[in-house]
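Subject: Structure handover

Hello,

Here is the structure I promised to pass on. Please open it first, then read the notes below.

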Amino acid sequence: MEETRRVIALGFFDGVHRGHGALLRRVGEKAAELDAVPAAVTFDTHPENLILRSPLPLLSSPHDRADLMQRYYGIRDVIIARFDERMMHMPWREFITDYLVKEHGAVHLVAGHDFHFGYKGEGNPQRLRETCEELGIGCDIIPKVEQDGITISSTYIRTLVAQGEMERANEFLGHPHTLSNTVAHGKRLGSTLGFPTVNLSIPKGVLIPAHGVYACRACFSDGSSRLAVTNVGTRPTVDDGDRVNVEGFLLDFSGDLYGKTIRMEFYKRLRGERKFPSLEALREEVMRNAEATRAYFASLERGSGGS
């Protein structure tokens, strides 16, 4: 029987945006107060994908959601629950008493104002609060968070990312839009153009940003990072296929990253994807994009006082 006492945030947390941040910060405060572990429960797949049988493309994979919660909000335990038939049919009360309290040691729960759970979504914030009171554990319900008069939601941010409006998406996320994966072998285009490149596939079920070229930062497992000019799309100049690639040209980097996991952080869309008449024309354009990327990050540094 597990002895760990946890303060648990409840939700799906797609993208881990500023609205989620309000829940996760509260978890941190209560965990410090109660000398418990700050934790969150999320699901491996979006409940709608099982209930509606229509895949909803997500902002982040389970791995990225857990990583964002840990890095930005200090959540120590991210419990990725399998959203399967058992979970879908679990009565709402049992989800609290058996799953959260008995199985995961919840001593305090934090949820959003619109959180529904349990079979047919019959569990709601009021039932959560009342049951916590009966069980003698704490409960916080966090009101919606707005920005520019718009309720911050994963749905709205997905629309922005799909349109390539990355700077606005990042304002609502509170951090750069993130895509992590293991570097795969590409077509060695980088060596032809004179840049080291990394090829990442988009994890299954994750939203593809609008095709085009982005100013990015590629972050490595040792904590270091490099600026990158990243192309999202089908690479029409060198490929005839329609498979979507994420290919980052790394600035000021030499070395082989094949097989390593990297995190690509997206900051700004520089241009749409287009076909160039030759590799030389493509190379010249990538050089221009590299200069635009350096200038963009230099202006960010100036804007934040060099921090």
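In these notes, contact means heavy atoms within 4.5 Å. Helices (H or I, at least four residues) and strands (E, at least two) are DSSP runs, numbered from the N terminus.

This is a predicted model: local features need pLDDT of at least 70, side-chain atom pairs count only at pLDDT 80 or more, and totals for chains, interfaces and linings use all residues. Residues are numbered from 1 along each chain as its sequence is written, and side-chain values use heavy atoms, leaving out hydrogens and water.

Two strands count as paired if DSSP finds at least two bridges between them. Axes are lines fitted to C-alpha atoms, for helices over the stretch in contact, and angles run from 0 to 180 degrees between N-to-C directions.

Strand 1 (residues 6-10) and strand 2 (residues 37-43) run parallel, joined by five bridges. Val7 has Pro38 of strand 2 as its bridge partner. Ala9 has Ala40, also in strand 2.

How buried is strand 2? Seven of its seven residues are buried, so strand 2 is largely enclosed by the rest of the structure. Buried means under 20% relative accessible area, exposed over 50%, and partly exposed in between (1.4 Å probe, protein chains only). In a regular strand, side chains alternate between the two faces of the sheet. Here Val37, Ala39, Val41 and Phe43 point one way, while Pro38, Ala40 and Thr42 point the other way.

**Helices 5 and 6**

Next, the helix pair. The axes of helix 5 (residues 92-103) and helix 6 (residues 125-135) come within 10 Å and cross at roughly 50°. The two helices are therefore oblique to each other. By angle, under 35 degrees counts as roughly parallel, over 145 as roughly antiparallel, 65 to 115 as roughly perpendicular, and the rest as oblique. The crossing is right-handed, meaning that the near helix is turned clockwise from the far one by less than a right angle.

Which residues of helix 5 and helix 6 meet? Trp92, Arg93, Ile96, Thr97 and Val101 of helix 5 meet Arg127, Leu128, Thr131, Glu134 and Leu135 of helix 6. By class, this contact has five nonpolar, two polar and three charged residues. Ala, Val, Leu, Ile, Met, Phe, Trp, Tyr, Cys and Pro count as nonpolar, Asp, Glu, Lys and Arg as charged, and the others, Gly among them, as polar.

The buried residues of helix 5 are Trp92, Phe95, Ile96, Thr97, Tyr99 and Leu100. They pack against strands 1, 2, 3 and 4, as well as helix 4 (85-88) and helix 6. After helix 5 comes Gly105, with a positive phi near 65°.

Six bridges link strand 8 to strand 13 (residues 261-271).

Best wishes
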